[in-house]
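Hi,

Here is the structure I promised to pass on.

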Amino acid sequence: MTDASTHGHAQSSQQRFESHAYDVVVIGAGGAGLRAAIAAHDAGARTAIVCKSLLGKAHTVMAEGGIAAAMGNLYPDDSWQVHFRDTMRGGKMLNNWRMAQLHAQEAPDRVLELEGWGALFDRTGDGLISQRDFGGHRFARLAHVGDRTGLEMIRTLQQHVVALGIDVYMECTVTDIFKDGDRVSGAFGYWRESGRFLVFETPTVVLATGGIGKSYQVTSNSWEYTGDGHALAMRAGASLINMEFVQFHPTGMIWPPSVKGILVTESVRGDGGVLKNSEGRRFMFDYIPEFFKAETADTEDEADRWYDDKKSNRRPPELLPRDEVARAINSEIKAGRGSPHGGVFLDIASRRSTEFIRRRLPSMYHQFKELADVDITAEAMEIGPTCHYVMGGVEVDADTGASIVPGLYAAGEVAGGMHGSNRLGGNSLSDLLVFGRRAGLNSAYYARRLPATRRPRVAAGAVEAAADAALAPFSVEGGENPYTIQHDLQEVMQQLVGIIRKREELTESLEELKALRERARHLTVEGHRQYNPGWHLALDLSNMLLVSECIARAALTREESRGGHTRDDFPMSDDTWGGKNVVLTEADGEVTLTQQPLPVMPEELRRLFEVK
Amino acid sequence: MGYDLSLRVWRGDRNGGELVDFGVPVEEGEVVLDAIHRLQATQVGDLAVRWNCKAGKCGSCSAEINGRPRLMCMTRLSDFDKSETITVTPVRTFPVVRDLVTDVSFNYEKAKQVPAFAPTPPDADGKRRMSQREVERGQEFRKCIECFLCQDVCHVIRDHDDNKPAFAGPRFFLRYAELDMHPLDTNDRRKLAQDTAGISMCNITKCCTEVCPENIKITDNAIIPMKERVADRKYDPLVWLGSKIFRRDQREET
């Protein structure tokens with residue numbers, strides 16, 4: 001696709017830094033990144049994957065419940081239209097309709113494809129891929145492997161990537177995206193192991209960096225979730241949408257303190273678990289919103305019958321979308337009906353046999369046994385909300401994953417629009433596959449369409465500037481400890497930009513974030529460049545601070561409550577806001593915010609919402 | 001409640017290093033990784049350690065804790081006496097990069113040598129059919145989180161670097177076995193398991209099974225059946241011995 005003339009543009013930099021030329025560079029090796037790289041490779045592009053951790057350790061590995069796909073293996077009535085409708089309603093109609101449509105249509109093929117690459121899903125009696133119940137999904141729809149579906153998915157993709165011989169740069173962090181005029185021309189990064197810099201010359205970058213959860217105190221996310229892709233995109237001139245929508249998963253572990261935030265899969269509820277307060281009451285019946293009344297059971301009897309007979313019964317309220325359940329738990333705790341350690345109870349022990357629980361939820365059993373001395377087959381779990389997912393992300397073209405910057409693509413959690421104001425469980429793994437593939441293919445096509453004479457070039461000056469910026473923390477003496485700033489940032493976001501928000505607190509958060517940004521200009525790191533986590537954090541912090549500001553600004557602007565954004569001072573949803581996205585861009589360190597109407601759904605899809 | 005933990009951590013790099021003593025305040029219910037993180041955040045900002053999920057699912061934080069290969073995130077401080085010094089060292093089988101981080105590229109190189117999954121074509125409706133019983137065998141092996149503790153503890157390579165080129169290690173015997181037992185796979189990897197992966201060098205001491213945080217029966221369910229598939233039993237005395245030592249109901253028959 002290219003020839004030797006594309007090498008060595010960053011001539012003077014090449015002497016200082018190793019340099020590699022590709023057609024497509026994918027940043028991130030979770031589900032979206034791996035799927036994108038496979039697609040780009042299959043389309044003939046010279047492809048590289050760059051990831052902060054070892055291959056196979058990305059956050060996708062933590063996904064438990066399953067991959068949502070309307071395969072109809074258990075319920076032939078299921079179809080992409082039903083899945084599409086569930087997804088849009090779960091996102092309170094703020095989703096990009098085209099993304100939700102493509103997602104629902106293509107997810108079944110993406111799951112079957114995984115099976116063709118070696119994945120071993122649990123089976124139905126007929127030998128087909130089994131599907132399980134999850135919140136907000138009308139039918140049992142999640143393809144799964146016990147409660148370790150993410151591990152199965154990442155291992156399958158990882159092994160396929162290895163079989164294809166795609167280049168992987170492990171433990172390598174990208175800190176800058178280069179442009180030639182308005183187009184992407186490359187990326188700059190460092191090897192975590194040695195601290196040495198490297199330059200990628202590439203006309204396309206696919207961001208697949210995941211989310212932002214590490215900016216919160218209580219989170220299910222790993223250290224990698226520092227909003228790198230969100231920040232890289234903004235600095236490269238792309239726009240973010242929906243950043244006010246942060247998903248707090250209703251069920252995270254809360255005790256002992258060291259495990260606070262670790263995820264307890266929604267499958268516990270999908271498989272029959274119920275939420276109870278300190279009075280033993282199944283309180284979710286008290287929190288069924290008008291929007292979901294028609295499809296939610298209002299008695300325990302009906303709810304319990306639903307597991308076996310979905311035709312004549314409605315869904316238990318424990319399986320409302322995550323935003324509803326998280327808010328309900330929050331209210332119970334605030335009303336003084338919480339558990340001893342400040343959560344509520346999640347009980348499957350009294351409802352399912354020991355054998356069933358251990359077979360369906362082996363890793364939950366293991367996790368509680370090992371980390372909390374709790375036997376979930378014998379007693380209830382104590383759980384509470386934990387920061388889990390950001391619906392907001394890079395604004396992309398639905399069909400191609402292209403951002404507004406030519407050559408820059410995004411897929412998976414780092415992309416915005418697909419999930420609207422709230423993501424349904426199970427829709428993330430399918431999102432990664434559907435849009436990872438699309439971004440990979442389209443970045444490869446973009447690279448192929450470029451004439452060799454028009455390949456963008458990396459300017460030597462930009463490389464030097466990126467290197468200087470990355471080394472800056474070593475030259476400051478007597479500055480702040482990056483770990484302290486991260487700790488303070490997490491406190492600000494947790495306290496002031498958490499599940500329930502209000503104007504005064506959001507305004508205060510912006511002041512706090514400004515102060516933190518000022519402090520972060522003078523970070524000091526100890527030691528040298530070789531595998532130095534303090535230095536790595538110092539560089540990640542600027543991303544966390546920028547993205548946190550975007551969340552707080554967008555949250556302050558949207559004066560309504562919808563999905564993963566709840567305003568105490570505006571508790572109702574507002575139809576005017578229901579038709580708008582908040583769009584964020586950055587220039588010279590300043591974040592600019594605009595409002596933009598949602599894309600209009602065509603009539604034939606709109607009709608899907610009229611019935612029932 | 002909280003107390004001051006005596007923590008002894010190996011610090012150094014390829015050129016050598018030493019055990020360094022620290023006092024770290026810890027809380028009830030914490031794990032070794034919590035103590036390491038607190039040490040990093042408050043005393044030694046550049047302490048190198050790998051971790052990701054902190055929930056026993058990603059297999060990144062492997063180390064040797066008081067000499068035992070373990071995941072730091074799944075090792076609770078309450079397993080130790082409060083007065084006991086906890087010593088954390090990098091896994092020994094792989095070369096040190098820095099502090100607790102080792103160069104595990106051996107495993108990624110070995111992964112490249114495993115021939116890919118090659119399935120039969122799907123049924124006419126585009127779907128594939130397998131029974132739950134058929135997939136469960138492979139599912140046990142696919143629980144592997146690639147913490148490489150089985151590789152770390154394996155006698156064949158732990159203190160014998162010279163065996164590394166010819167020996168893939170328990171993690172990859174698991175992979176060979178998984179593919180070999182996959183109901184839809186068409187490749188025959190038995191000769192490769194012998195020639196390239198060196199499965200015959202394994203002398204079934206079961207150390208790998210003992211350290212597996214996922215409780216995969218690596219030796220009984222993967223290695224021994226694979227050995228049986230590879231070699232005619234009468235030519236491999238260890239397999240013959242294994243069949244005498246381990247009860248039949250603890251093994252998967254081919």
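Before the helices, one term: a crossing of two helices is called left-handed if the near helix is turned anticlockwise from the far one by less than a right angle, and right-handed if clockwise. Please keep in mind that this is a predicted model, where local features need pLDDT of at least 70 and side-chain atom pairs count only at pLDDT 80 or more, while totals for chains, interfaces and linings use all residues. Residues are numbered from 1 along each chain as its sequence is written, and chains are lettered from A and ligands numbered from 1 in the order in which they are written.

Helices and strands here are DSSP runs numbered from the N terminus (helices are H or I with at least four residues, strands are E with at least two).

First, a helix pair. Helix H14 (residues 482–496) of chain A packs against helix H16 (residues 533–557) of chain A at an angle of about 25°, with the axes 9 Å apart. Axes are lines fitted to C-alpha atoms, for helices over the stretch in contact, and angles run from 0 to 180 degrees between N-to-C directions. H14(A) is therefore roughly parallel to H16(A) (under 35 degrees counts as roughly parallel, over 145 as roughly antiparallel, 65 to 115 as roughly perpendicular and the rest as oblique). The crossing of H14(A) and H16(A) is left-handed. On the H14(A) side the residues include Leu489(A) and Met493(A), and those they meet in H16(A) include Leu541(A) and Leu545(A); residues are in contact if their C-beta atoms, placed from the backbone, lie within 7 Å. By class, that contact of H14(A) with H16(A) has ten nonpolar, three polar and no charged residues (Ala, Val, Leu, Ile, Met, Phe, Trp, Tyr, Cys and Pro count as nonpolar, Asp, Glu, Lys and Arg as charged, and the others, Gly among them, as polar).

H16(A) also lies across E12, E21 and E22 of chain A, at about 45° to E22(A). Those strands belong to an open, antiparallel sheet of four, in the order E17-E12-E21-E22 (chain A); strands pair if DSSP finds at least two bridges between them. Strand E17 (393–394) and strand E22 (590–597) of chain A are at the edges with a single partner strand each, so one side of each has no neighbour in the sheet. Two bridges link strand E12 (residues 240–241) to strand E21 (residues 580–587), both of chain A, and Ile241(A) has Val583(A) as its bridge partner in E21(A).

There is another helix pair to look at. Helix H2 (residues 31–42) of chain A and H5(A) pack at about 30°, with their axes 10 Å apart, and they are therefore roughly parallel to each other. H2(A) passes H5(A) in a left-handed crossing. This contact of H2(A) with H5(A) has eight nonpolar, four polar and one charged residues.

H5(A) turns up again where the chains meet. That contact takes 44 residues from chain A and 47 residues from chain B. On the side of chain A that touches chain B, helix H4 (97–116), helix H5 (149–164), helix H11 (362–372) and H16 of chain A are the elements that give two or more residues. H5(A) gives the most, with five residues. The side of chain A that touches chain B divides into 20 nonpolar, 13 polar and eleven charged residues.

Cheers

Technical notes: Two residues are in contact if their C-beta atoms, placed from the backbone, lie within 7 Å.
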